[in-house]
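Please read these notes with the structure open beside you. Each point takes up one part of the model and can be checked on screen.

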Amino acid sequence: MPSLKNYFFYDEGNCEFIPVKHSKSDIMIFTACLWILNGVVLAGMFITIFSHYVGTPAELALKAENRALVEQFEKTRSTITDLESQITEIATVDNEMYRSVLGLDPLPLQERLQGVGGRDPYSDFDIYSEETSEILRWTAEKLNSLERNISIQKVSFEEIKGYYNENRDRLSNIPAIKPVNGIVLSTYGMRIHPVLRHRRMHEGIDFRSDVGTPVYATGDARVSFAARKGTFGLMVTLDHGFGYETLYAHLSGFADGIRAGTQVKRGDLIGYSGQTGMVQGPHLHYEVHLDGHPVDPIRYIFGNTTPEEYMMYQEIASANPQSMD
């Protein structure tokens, strides 16, 4: 390390070099300055190397912020996917239940899933990293799709509402509510009979209900039959007009005044559930017929059934291979 003792000055009078003498304080100051200078240089080199390979504090903060945003986008993906599933379920109920029962044509899938033509609407995201661009593209595309589907669904519901307002008299006769306060045990389709033990067509749905549970008319109608009938036990049949007929079987008894020819309104008490006839246990067997042919009653209980309940009944239909009668 350089030292102050190596410095001289020239004495012209004596024509000689005279060594410069420094005090101890001068030497200490010189040494300290030299160390500080070296430290500054080394610190600068370290900061330069660190910034090159790791990043500046601002860059590190920005990277942390980006990681947090990516994590939040990933959580948003899950939420958007759930919303997409719910919209799909609502569209299914709309087509299979509301529009089908009212006689309206279902909205085609391609109409519900209509896309946006023209240039790539998400090309602006390409300036970002591949990961960020992919997340932004996916999110924007899904949100636009949800917005379109919700708009289409709103138009469909407005059409259903308008049709209902124009056909209130007819719709009051359509069987549109659950006939009993109970969950569905078995639905329409091929089922194993609990007594006969072989598969056969189950032309209605079975509701869980204890003996004596009130049973209600599902639409305005005239009682066309109220008596015992074979394996159905005590049974009521209602003629709703417009080709609709409903059947309520395995009753324990009839409500007062219920006999052939009686006029009833939707929600009127017509009998009580039981286990008469060939059954496994107490329940209500309910059928809907249109123009003389049995149809799936699940589609005709929208008046007091939520879309979530409707989808649950559809799951029961696919999972339960046996009927109650």
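Notes on the model

1. Met 45 is part of helix H1, which covers residues 24–53. This is a predicted model, and the points below should be read with that in mind. Met 45 has a relative accessible area of 47%, so it counts as partly exposed. Together with Leu 37, Val 41 and Leu 42, Met 45 makes a nonpolar surface patch of about 400 Å².

2. The structure holds 3 salt bridges. Side chains of opposite charge can pair when their charged atoms come close. In one of the bridges Lys 142 pairs with Glu 84, and the closest N and O atoms are 3.2 Å apart. Because Lys 142 sits in helix H4 (residues 130–166) and Glu 84 in helix H2 (residues 57–102), the pair ties together parts that are 58 residues apart in sequence. Lys 142 is partly exposed at 22% relative accessibility, and Glu 84 is partly exposed at 24%.

3. Another salt bridge joins Lys 265 to Asp 220, with 3.8 Å between the closest N and O atoms. Lys 265 lies in the loop between strands S11 and S12, and Asp 220 in the loop between strands S7 and S8, so this pair ties together parts that are 45 residues apart in sequence.

4. Arg 222 belongs to strand S8 and Asp 239 to strand S9, so the bridge ties together parts that are 17 residues apart in sequence. Arg 222 is partly exposed at 34% relative accessibility, and Asp 239 is partly exposed at 31%.

5. Strand S10 (residues 244–254) is mostly covered, with 8 of its 11 residues buried. Which strands pair with S10? S9 (residues 234–241) pairs with S10 in the antiparallel sense over 6 bridges.

6. Some partners along S10 can be named. Tyr 244 in S10 is the bridge partner of Gly 241, and Tyr 244 also has Leu 290 in S13 as a bridge partner. Phe 254 stands opposite Gly 271 in S12. S9 and S10 form a hairpin with 2 residues between them, and Phe 242 in the turn has a positive phi of about 55 degrees.

7. His 289 is placed in strand S13 (residues 283–290). Its relative accessibility is 14%, so His 289 counts as buried. Apart from neighbours within four places in sequence, His 289 is in contact with Gly 243, Tyr 244, Glu 245 and Pro 294. The side chains of His 289 and Glu 287 are joined by a polar contact of 2.8 Å.

8. His 202 lies in strand S5 (residues 199–202). With a relative accessible area of 4%, His 202 is buried. Not counting residues up to four places away in sequence, His 202 touches several residues, including Tyr 188, Arg 191 and Asp 325. The side chain of His 202 makes a polar contact with the side chain of His 285 at 3.4 Å, and a polar atom of the His 202 side chain lies 3.0 Å from the backbone oxygen of Gly 204. His 202 and Glu 287 are 85 residues apart in sequence but 9.4 Å apart in space, C-alpha to C-alpha.

Terms used. Residues are numbered from 1 along each chain as its sequence is written. This is a predicted model: local features need pLDDT of at least 70, side-chain atom pairs count only at pLDDT 80 or more; totals for chains, interfaces and linings use all residues. Side-chain values use heavy atoms; hydrogens and water are left out. Patches are made of residues with over 30% relative accessible area and no salt bridge: like charges are joined within 9 Å, nonpolar side chains (Val, Leu, Ile, Met, Phe, Trp, Tyr) within 5 Å. Accessible areas come from the Shrake-Rupley method with a 1.4 Å probe; for residues, only the protein chains shown count as cover. A salt bridge is a side-chain nitrogen of Lys or Arg within 4 Å of a carboxyl oxygen of Asp or Glu. Helices (H or I, at least four residues) and strands (E, at least two) are DSSP runs, numbered from the N terminus. Buried means under 20% relative accessible area, exposed over 50%, partly exposed in between (1.4 Å probe, protein chains only). Contact means heavy atoms within 4.5 Å. A polar contact is a pair of N or O atoms within 3.5 Å; within protein, one must be able to donate a hydrogen and the other to accept it, and residues adjacent in sequence count only if both atoms are side-chain atoms. Two strands pair if DSSP finds at least two bridges between them.
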